[in-house]
Amino acid sequence: NDDFIIDTIWKTDNDVPRIFKEKLLKISKGIQSLQKEQDISEKATFMTREPKQILSFYGTISEKELLENGIVQRFYDNDDDQQAVRKIIKEIMG
């Protein structure tokens, strides 16, 4: 649920910069959009536990590695899905 993910990200009480949280929300919306368009599998979703884990590890490893481990690896069974998710992340993260 979009609202639940948004709530989870904003209520995380730590030193994660607001800009990163905003980008994380955009990534989540991008993944949901790809799933609705059936461009990627619905098997692996961006659930609330992923943003929680990503935010809890923020600052301990690079953002790129954090997003790779926290998001892209969720789509482990399909290389095309991983590439599509990496594209979204690259577009949003720059």
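**Exercise 1.** How many helices and how many strands are there in the protein chain?

*Solution.* This is a predicted model, in which local features need pLDDT of at least 70, side-chain atom pairs count only at pLDDT 80 or more, and totals for chains, interfaces and linings use all residues. Residues are numbered from 1 along each chain as its sequence is written, and side-chain values use heavy atoms, with hydrogens and water left out. Step one: take helices (H or I, at least four residues) and strands (E, at least two) as DSSP runs, numbered from the N terminus. Step two: count five helices and zero strands.

**Exercise 2.** Find which residues of helix α3 are buried, and on which side of α3 they lie.

*Solution.* Buried means under 20% relative accessible area, exposed over 50%, and partly exposed in between, with a 1.4 Å probe and protein chains only. In α3, residues 49-57, the buried residues are E50, P51, I54 and L55. They cover an arc of only 125° around the axis, so they lie on the same side of α3; the arc is that of the directions from the helix axis to the C-beta atoms. Just after α3, G59 has a positive phi of about 95°.

**Exercise 3.** Describe the largest nonpolar core and the contacts of I89.

*Solution.* A nonpolar core is a set of buried Ala, Val, Leu, Ile, Met, Phe, Trp, Tyr and Cys residues joined through side-chain atoms within 4.5 Å. The largest one has 21 residues, and F20, L24, L67, I71, V85 and I89 have the most contacts inside it. Two or more residues come from each of α1 (2-11), α2 (18-36), α3, α4 and α5. With six residues, α2 gives the most. Leaving out residues up to four places away in sequence, I89 touches I27, L67, I71, V72 and G94, where contact means heavy atoms within 4.5 Å.

**Exercise 4.** Which residues line the largest pocket?

*Solution.* The lining consists of E63, K64, L67, E68, V72, R86, I89, K90, M93 and G94. Both α4 (63-70) and α5 (79-93) supply at least two of the lining residues. By class, four are nonpolar, one is polar and five are charged.

**Exercise 5.** Where does N78 lie, and how does N78 count by relative accessibility?

*Solution.* N78 is in the loop between α4 and α5. Its relative accessibility is 28%, so N78 counts as partly exposed. The C-alpha atoms of N78 and S41 are separated by 8.1 Å, although these residues are 37 residues apart along the chain.

Methods:
On a 1 Å grid over the protein atoms alone, a cavity is a set of points where a 1.4 Å probe fits but cannot get out, and a pocket is an open set with protein on both sides within 12 Å along at least five of seven lines; lining residues have an atom within 4 Å of a point. Ala, Val, Leu, Ile, Met, Phe, Trp, Tyr, Cys and Pro count as nonpolar, Asp, Glu, Lys and Arg as charged, and the others, Gly among them, as polar.
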